[in-house]
Amino acid sequence: MHASNYNNKNLNLHNLVATSKFGTFFGVSQKIFDEVWQKLTASDANSVVYISMEIGADPDVFHPVKDKLMDLEKTDSMDSRLKKFIKKLFHGPEKIPCYGGGLGVLAGDTLKSFADCRIPVVAVSLLYRDGYFSQIVDSKLGQISQIVEWLPEDTPGLYLLQDPENPGTPLQIQIPFFNEYDQETMASAHVWMKMEVNHTLDYFIPELLLDFSLDDNPAPIRDAAGRLYNSESSIIKATQRRMLGTGILPVMQAMGITSSTLHLNEQHGVVVALQLIAEELMGSLKHTDLSQATDEQILSAADKVAKSLVYTIHTPVKAGHDRFNKSVYAGISHKSCRHILELLAHDTESPHSYNFTTLAMRVNRTANSVSRLHRDVTHKQFPDFAEKITAITNGVHHLTWISDARAELFDNFPELADWRSNPGALRNTVALKDNKRFRTYLLRAWEEDSSLLYSFVNSMLLQHRNQMTSTWIDPPNHYSNIIDIDTKLDPAVFTVGFARRFSTYKRADLIFDNVDTLCAIAVDNNWPINFLFSGKAHPADEPGKSVIKLILDYQHELHTKSNGLVNLIFIPNYDMKIAKLMVAGVHAWLNNPKRPLEASGTSGMKAALNGIPNLSIMDGWWVEGYHDGLTGWKFGYEGPIDEADLSESPETLLYTEDSASFYEILPKVLEEFYEDADKSKFIDKAIMNLSLNIPIFNTHRMAAEYLQKYKINLPPSLQSRMDTFAELYNSNE
Ligand SMILES: *Cc1c(COP(=O)(O)O)cnc(C)c1O
């Protein structure tokens, strides 16, 4: 298709600049820019608005524009306009810290696949000037959170949109907030656009990030605008959700976006449904005073509005379902809005709260869970809506998460040609299973990625040792204290990776439940093991933070009881860059949530895409990605699930049972790893991951399944291409 447009050395940088009434943008040509804009603003409304509280798409793990310029050695320009863009691209910040974890990274990966597949989608989210926190870890204090300082103004690929009516001033949207007396205050937002440019530089998804931290806004609005998932008070939390939900229609209007389908990535933005219902009442029913609307009129308006909404629910964990006390909500919303909530956001557990998950479940055309097991659990949690809840299993963006070394390997085998635009092509790795050259190169690529990971870890440990002498921080690694300056961790040692948010149900400390048993496995067979752990706990999550502290406390005991064979290392400040190093460089990816609370999980898919076997509880995606031992190992409880299994309380977390099951499986894993120098059993598992799991657990396939729900019309050639991705799997089987 368009893939070769820019493949010549004569790429004219001017072909990467586009101008519109909203500003000047770098990364795609004017033609492409106009094409995207035309689709999003067309009168046929044949496009989708994707709504998410967070988007994780750090430029340091995926940046096709930068890669292309590096390839062509065009890292500077004489033209002053281009110079500005290119300087930013090569010297600006490499992170956009507006994500907290899996939900945001999934959103970013999804949008990247929409861009690769040229689907007319625009995303709306918020811009957080204080980001999500940055994590320092101290061995005595545990996690310390700090505000991230970043400047959107300096960040490449991010643009403050201009007001077409008033050139030279930023575009502003306004949304009303109310107090308990229904007095209106207006809050304004600037609109930033991140361009998610695809890998062939011939399409992009605009991500519109609303920035409410303007000086003129009332203080409560500014307070709620700064930090993602600020939960200092429920009013701040409710205000933050409301900024997203009520911002959507005004930003669409200001930019002329006509999309007929709105996709709620989690219920955070569901207040948009209230606005659509209000518009419907004012429009078709000619109510100017909404408080006059009857219950029947509201319910019928809700049914109409539901036709344009698609809803993805991401967790069975109750804390993930927003509920706000009615009196709190009265402090920011209008009473007519509360009337709608009374009818549609009923909370079965408390008559004093509105339940926004109920609202999202109620007002949509179709809802989906994020794995098959999660679908079954969601059916039990929401029996009234079971009929419309299907499964669309999550995926990850293969071009973001497959390491450079693995990508180079794939490029070198003609059987896998086209894998960049079609992840299904990697199915053909099964034909290379007995190909010596492929096996050797795969092992080499793996070793190369392990070396990269270990050079990062070893220099981090060195830095921690220096920190210890020069600051008040006690380094987060016992290992930093006990070794001399020249000792380094060895990448040839069997390495287990574990990295994700620290929530209690994810049980980061599970496998250390019995340190004696764990150490005996290593000592009895002389099998060294390195455990590399990383992850943040939400600053208000005290139990989550105490699990981090526990992990740090186990380090010394593990080291001494195993005579130095077992080392547990903690890597602070988990982000996409660290994730990418880890999911390609370890030998097994550990996942041990309490079943069935991990609705999907995606970090294990990132490992699988690099051929790394998972060592996991049968939960979330692994129920689908585990193929009778071919792709990795399973352990722990896998029986039936009832209401009680949804509890997160400590006594229900099955530590003893599931850790015992882990100690049973671990010796088999270690034996396979250490038994031969060719790592033949591991290479077998790697190849089965590439051939069985890449074609399924990627966001191209996932996007294709979402498209079937969106009901938008694509040109026939594009539609048939998406059909080939959808045919790779049927999540809802
Ligand atoms: C992939 C990813 C996650 C999600 O991991 P889970 O296994 O789904 O918990 C969280 N944070 C970062 C930085 C990631 O890259």
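First, the ground rules. The model is predicted, so local features need pLDDT of at least 70 and side-chain atom pairs need 80 or more, while totals for chains, interfaces and linings use all residues. Residues are numbered from 1 along each chain as its sequence is written, and side-chain values use heavy atoms, without hydrogens or water.

Now the ligand. How many residues surround the ligand? The count is 14, taking a residue as near if one of its heavy atoms lies within 4 Å. The closest are Lys-506, Gly-601, Thr-602, Ser-603 and Lys-606.

Look at the polar contacts, meaning pairs of N or O atoms within 3.5 Å. A polar backbone atom of Thr-602 sits 2.8 Å from a ligand oxygen. For the side chain of Ser-603, an N or O atom is 2.5 Å from a ligand oxygen. For the side chain of Lys-606, that distance is 2.6 Å.

Which elements give two or more residues to the shell? They are α4 (102-116), α19 (576-585) and α20 (603-609). Helices here are DSSP runs of H or I with at least four residues, and strands are E runs of at least two, numbered from the N terminus.

Next, the domains. Domain 1 is 1-98 + 114-265, and domain 2 is 475-638 + 647-697. These bounds come from an automatic or database assignment. Their C-alpha centres are 35 Å apart.

Last, the backbone. Arg-595 and Pro-596 are joined by a cis peptide bond, with omega about 5 degrees. Pro-596 is in the loop between β20 (588-591) and α20. Arg-507 is not a glycine, yet its phi is positive, about 50 degrees. Arg-507 lies in the loop between β17 (494-499) and α17 (515-525).

Note on methods:
Polar contact = N/O pair within 3.5 Å; in protein donor to acceptor, adjacent residues only side chain to side chain.
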